[in-house]
Amino acid sequence: MRAVFPPFVSLVIALWVTSCGPARTPVPPGMIPEEPPVSEQQSLEGRQLKEALRQQFTESDNPAYRFRVRRVMDRLLAAAGASQPWHISILEDDGVVNAAATQGNHIFIWTGALRSLRDDGELAAVLGHEIAHVLARHVEPQFADDVNRGFGGLGDSGSEGIFAPIEEAIAGIGNSSGSTAAVKGVVVTPYSQELELEADHIGMFLMAEAGYNPELALNFWRRSAAEAEESSAFLSTHPNSRSRLLALQALLPRAVHRYQQ
């Protein structure tokens with residue numbers, strides 16, 4: 001059964017993405033993009049999302065969780081050559097098996113995910129995927145003129161399945177009865193399979209660069225694809241899991257070679 005988030009009283013925050021953005025250059029497989037600069041506006045929007053989520057979920061103070069996540073994050077960010085502040089939030093809910101990323105270099109992971117991951121390699125696969133969304137600028141507005149910061153009323157439309165590259169963070173919100181969504185600072189748009197696949201391969205090479213065996217990423221995504229049919233596992237809100245697994249499998253020898261180097 002899919003984990004459904006409590007209704008956001010006045011706020012559903014997602015990321016603006018598009019599968020048809022103008023002149024967006026795809027990231028070639030094997031390349032890890034340079035860390036993009038963070039503007040004051042992006043920092044503000046990241047903090048707003050964090051505050052909104054903290055109204056729905058308690059931030060974990062479990063020292064074992066915090067140490068484990070920080071250790072893996074530090075290795076991944078070092079491999080990415082990151083020099084700006086990055087923020088990781090561990091949110092309490094063992095029923096939410098998900099992670100998310102947004103502007104301002106914010107990464108979110110729920111305790112349900114941490115409990116389900118078998119080792120640091122699988123955690124690196126999940127965090128690497130979310131970091132990749134940020135590095136590849138998937139969380140940045142593609143069309144500034146289309147970002148309507150006063151846009152509201154989405155929840156009244158009765159639409160189901162509102163998704164974005166952080167669909168993990170808002171999976172099920174469109175099914176929440178009576179929820180009223182006011183999008184603040186960002187716009188909800190459909191997810192893009194292209195961007196998800198791109199985050200997959202960036203994340204796999206990033207974890208290899210950080211010294212984590214990329215074969216663990218395939219093991220994790222394969223297991224999640226099977227579990228998604230009957231649970232809220234990571235792949236339950238991603239398009240065409242077979243395509244993503246085949247794409248990663250094709251790139252695995254290159255990633256393993258990088259890991260061995």
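The largest cavity in this predicted model has a volume of about 60 Å³, where a cavity is a set of points, on a 1 Å grid over the protein atoms alone, at which a 1.4 Å probe fits but cannot get out, and where the volume is the space filled by probe spheres set on points that are joined across faces, edges and corners. A search of the whole structure finds three cavities of 30 Å³ or more. Rolling a probe the size of a water molecule over the atoms shows where empty space is left. The lining residues, those with an atom within 4 Å of a point, are Pro36, Pro37, Val38, Gln42, Gln103, Gly104, Asn105, Val134, Val139 and Glu140 for the largest cavity. By class, this lining has five nonpolar, four polar and one charged residues, with Ala, Val, Leu, Ile, Met, Phe, Trp, Tyr, Cys and Pro counted as nonpolar, Asp, Glu, Lys and Arg as charged, and the others, Gly among them, as polar.

Because the model is predicted, local features need pLDDT of at least 70 and side-chain atom pairs count only at pLDDT 80 or more, whereas totals for chains, interfaces and linings use all residues. Residues are numbered from 1 along each chain as its sequence is written, and side-chain values use heavy atoms, with hydrogens and water left out.

The secondary structure comes to eight helices and three strands, taken as DSSP runs (H or I of at least four residues for helices, E of at least two for strands) numbered from the N terminus. Along the sequence these elements follow the pattern α-α-β-β-β-α-α-α-α-α-α. Of the 261 residues in the protein, 54% are buried, a term that here means under 20% relative accessible area, as against exposed at over 50% and partly exposed in between (1.4 Å probe, protein chains only).

Gln103 lies in the loop between β2 (99-102) and β3, and Gln103 is buried, with a relative accessible area of 3%. Its side chain makes a polar contact of 2.8 Å with the side chain of Glu45; such a contact is a pair of N or O atoms within 3.5 Å, of which, within protein, one must be able to donate a hydrogen and the other to accept it, and residues adjacent in sequence count only if both atoms are side-chain atoms. Gln103 and Arg47 are 56 residues apart in sequence, with 8.8 Å between their C-alpha atoms.

Asn105 is likewise found in the loop between β2 and β3 and is buried, at 3% relative accessible area. Most residues other than glycine have a negative phi. Asn105, although not a glycine, has a positive phi of about 60 degrees. Arg137, in the loop between α4 and α5, has a positive phi near 65 degrees, but Arg137 is partly exposed, with a relative accessible area of 40%.

The loop between α4 (120-135) and α5 (167-170) also holds His138, which is buried at a relative accessible area of 1%. The side chain of His138 is joined to that of Glu198 by a polar contact of 2.7 Å, while the C-alpha atoms of His138 and Glu196, 58 residues apart in sequence, lie 9.2 Å apart in space.

Turning to the aromatic rings, the count comes to two aromatic pairs when rings of Phe, Tyr and Trp (its six-membered ring) are paired if their centres lie within 6.5 Å, with planes under 30 degrees apart taken as stacked, over 60 as edge-to-face and the rest as tilted. The rings of Phe57 and Trp110 have centres 5.6 Å apart and planes at 80 degrees, so this pair is edge-to-face. The pair links distant parts of the chain, since Phe57 is in the loop between α1 (40-56) and α2 (63-80) and Trp110 is in strand β3 (residues 106-110), 53 residues apart. Both partners are buried, Phe57 at 4% relative accessibility and Trp110 at 0%.

Helix α2 holds Arg68, which counts as buried at 15% relative accessibility and whose side chain reaches the backbone oxygen of Asp119 at 3.2 Å.

Definitions and conventions
1 Å grid on protein atoms, 1.4 Å probe; cavity = no way out; pocket = protein on both sides within 12 Å on 5 of 7 lines; lining within 4 Å.
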